[in-house]
Amino acid sequence: MLEYLEELCLLPGVSSFEGPVREFIKSTAMEDCGVSEEDMRTDIMGTLYIVKKASPKAVKAAKKAGRLAEGSIPKLMIAAHMDEIGFIVTHIEDNGYLRFACMGGIDKRVVLGRKVYVGQAMVPGVIGLKAIHLTTKEDREVAPDFKEMYIDIGASSREEAMENVALGDEVVFHSDFVEFGEGRVKAKAIDDRFGCAMMLKLMKEELPMDVTYAFTVQEELGTRGAYGAAYSVAPDIAIVFEGASCSDLPTVSADNKITVVGAGPVIGLVDGGAIYDRGLFELLTGLADEAGLPWQVKQKIAGGTDASTIQRSLEGIRVANISVAVRNIHSASTIASEEDMDNAYRLAKLFVEALAEGKAN
Amino acid sequence: MNILDDLERLCTETAPSGFECNVSGLCAGILEPFVDEIYVDPMYNVVGIRRCGRENARKLMICAHIDEIGLIVTGHEEGFLRFGQLGGVDQRMLPGREVTVLSKKRHFGVIGAAAPHGASPESMNKSIPMKDLRIDVGLSQKRAEREIPVGTPVSFRSPFFELGKDCVCSKSLDDRACFLAVCRAAELLKDRQLHWDVYFVGTISEEVGLRGATMTSFAIDPDVCIASDVCQAWTPDCKPTDYISKLGEGPRMPIGANVAPAVAHGITAAAAEKRIPVQITVSPSRTGTDAWAVQTQREGIATAVLSLPLRYMHTPQEVINLRDLELLGELMAEFALEPGEEVRTCLNI
């Protein structure tokens, strides 16, 4: 499952600046997934749509095995968002420091002393932190507000800073890709490049039904790309691949952990934005049980996915969700389990095959 | 020497206080080409000596510490690690922080941060006390206990990179940058005739109580000692009383009880001679550097402090200016060559 994930996570793609991620997905889809330029479309906000037709070979095989629906097959959209949380430059001070605002929900406690890149030119910078020696114990008990923070790009004046950066430049975390521990990976933006990687991998498969893949934008700003996607694709069923919030630290009580890394894919039941289609939820859990795959549901109503918007679009759309638990979500060092990702992928493929078989009709 | 390459090698090495064995060899290797003798003592202090050739020569010691702040494993919990601190660590920068666990087989780790989703705004306004944080190494409890015993040191993991035109950003610039300035002074003094023997010293465990300076100054018994350490440079969140220097405006020298006036005069004269800008400030009493421990060693040693301005001290992303570092090295070398009339009269050199 690590295929594509490393490259995708390393790319910058702060909400509304998803270009580099979109270009990578387009070229990979053409090179590896057997789709052509005509199968792709980018909408006005930047969401990328790729239609992959059913594979005749897979259709034939499914038919032969009696695993293809007699009647119509529902129109399926699979969605994952390309954007990641980050910042935007709001002010350049006379002394060369940059002030910034958040793009997406970032915990102000995880950004101090972090390396970042500013703008398309990827100018390195660091989010400064007043030295411990200059603080009191009371100072250190408070998490500073974003408006008190600043980015140091090593410029000594506004003019020098403006040689390389401009107001409105995006700011993205630096974070390398590390495999560690017992099958864990660390990178920035596993939320939701994991979903993008799953879609690319699925796109490579020979599937017995047509699938429309929507790589959405601005999810972190309020699932804003999903509006256009649901409207223009108008699917019967949509499934969203996501990174799920996770607080499974030993210091967090069981009712607040939300999800647990390594406990299997998270199947969407209820979250902060959607109540997932009961039939599709049961189909997913049934498929997982049948295949012997572990699975979990969120144990706290928290977080949300593009499904919240998709579900209430048009006359209403049936939504489902497969996520993996992501530790330190919305920080530069997000962590997920390789096994969870592998199992999520197996489940996703079973789900598509089940739809082709008419199991959701 | 190549300042940038050597600085990167020094800063990316991991040596929290008490565990300097990782870095002493590297320090000695950088210093060795410029000195007549070199050794690493049993406590892992690094000492390089330039001899002036005189019998019973007077001695100048120039030192910088080679340890870094870090963490230490104190227990295991569901495969996560509990930890304490080595040196002054600000809890506000810990959640989501990447670390290298310095077990026999090193482990990557991240200090866990609970998801913001569903957290109350009040709780997010508070920083998390260190005792409530855990390091995630992705291991089961059994493997964590076996592979990462209690007492294993932990180093912050952060990239070394160039910032703007003249700056670099890294962990451990406090105080490897000053150690490199000490090496640079040694390089500038190579093949130069000296009035006294010069000891270039990398001290251990400064961050936990100036320990290496205490031992080495006793052992070396210098007449004069210059301790080189970093000092607070201005940042936008500083009050006027917080900072004592500005980045890019040259090394800084404090005046006060920890600084022998004759030595300070010699340094000022050397700076004037070489047209090196020096930021003079006042430290009434304790300087918070190795000089504080050295001053009261044996019968008392004439000490001074030369500092390198640095931003965000004790974070894994400190910032210095490379021109300041070069000027610091030049100034220490110039003082070693010409310590000024007062010091020379005093010491009869």
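Me: How do you know how far apart the centres of domain 1 and domain 2 of chain A are?
Reply: In this predicted model, the centres are taken over C-alpha atoms, and 33 Å separate domain 1 of chain A from domain 2 of chain A.

Me: What makes 5–84 + 188–356 domain 1 of chain A?
Reply: The domain assignment gives these bounds to domain 1 of chain A, and it gives 86–173 to domain 2. Such bounds come from an automatic or database assignment, so they are taken from there.

Me: What makes residues of domain 1 and domain 2 of chain A count as a contact, and how many does each domain give?
Reply: Two residues are in contact if their C-beta atoms, placed from the backbone, lie within 7 Å. The contact takes 11 residues from domain 1 of chain A and 12 residues from domain 2 of chain A. On the domain 1 side, the residues are five nonpolar, three polar and three charged.

Me: Why are strand 11 and strand 16 of chain A called paired?
Reply: Pairing needs at least two bridges found by DSSP; four bridges join strand 11 (residues 184–187) of chain A to strand 16 of chain A, so the two strands pair. They run antiparallel. Val185(A) stands opposite Ala336(A) in strand 16 of chain A.

Me: Are the residues of strand 16 of chain A buried or exposed, and which way do they point?
Reply: Thr334(A) and Ala336(A) point one way, Ile335(A) and Ser337(A) the other way, and all are buried. Each is called buried because 20 or more other C-beta atoms lie within 10 Å of its own.

Me: What makes strand 10 and strand 17 of chain B edge strands?
Reply: The open sheet of three strands has the order 10-11-17 in chain B, with antiparallel pairing. Strand 10 and strand 17 (318–321) of chain B each pair on one side only. From one strand to the next, the twist averages 35 degrees.

Me: How do you know that strand 10 of chain B pairs with strand 11 of chain B?
Reply: Three bridges join them, and at least two are needed, so they pair. Leu163(B) stands opposite Cys167(B) in strand 11 of chain B.

Me: Which helix lies across strand 11 and strand 17 of chain B?
Reply: Helix 9 (residues 322–337) of chain B does, running at about 60 degrees to strand 17 of chain B.

Me: How many residues does each chain give to the contact between chain A and chain B?
Reply: Chain B gives 56 residues and chain A gives 57 residues. On the chain B side, strand 7 of chain B supplies the largest share, three residues. The residues of that side divide into 24 nonpolar, 19 polar and 13 charged.

Technical notes
Residues are numbered from 1 along each chain as its sequence is written. Chains are lettered from A and ligands numbered from 1 in the order in which they are written. This is a predicted model: local features need pLDDT of at least 70, side-chain atom pairs count only at pLDDT 80 or more; totals for chains, interfaces and linings use all residues. Ala, Val, Leu, Ile, Met, Phe, Trp, Tyr, Cys and Pro count as nonpolar, Asp, Glu, Lys and Arg as charged, and the others, Gly among them, as polar. Axes are lines fitted to C-alpha atoms, for helices over the stretch in contact, and angles run from 0 to 180 degrees between N-to-C directions. A residue is buried if 20 or more other C-beta atoms lie within 10 Å of its own, exposed if 12 or fewer, and partly exposed in between; C-beta atoms are placed from the backbone.
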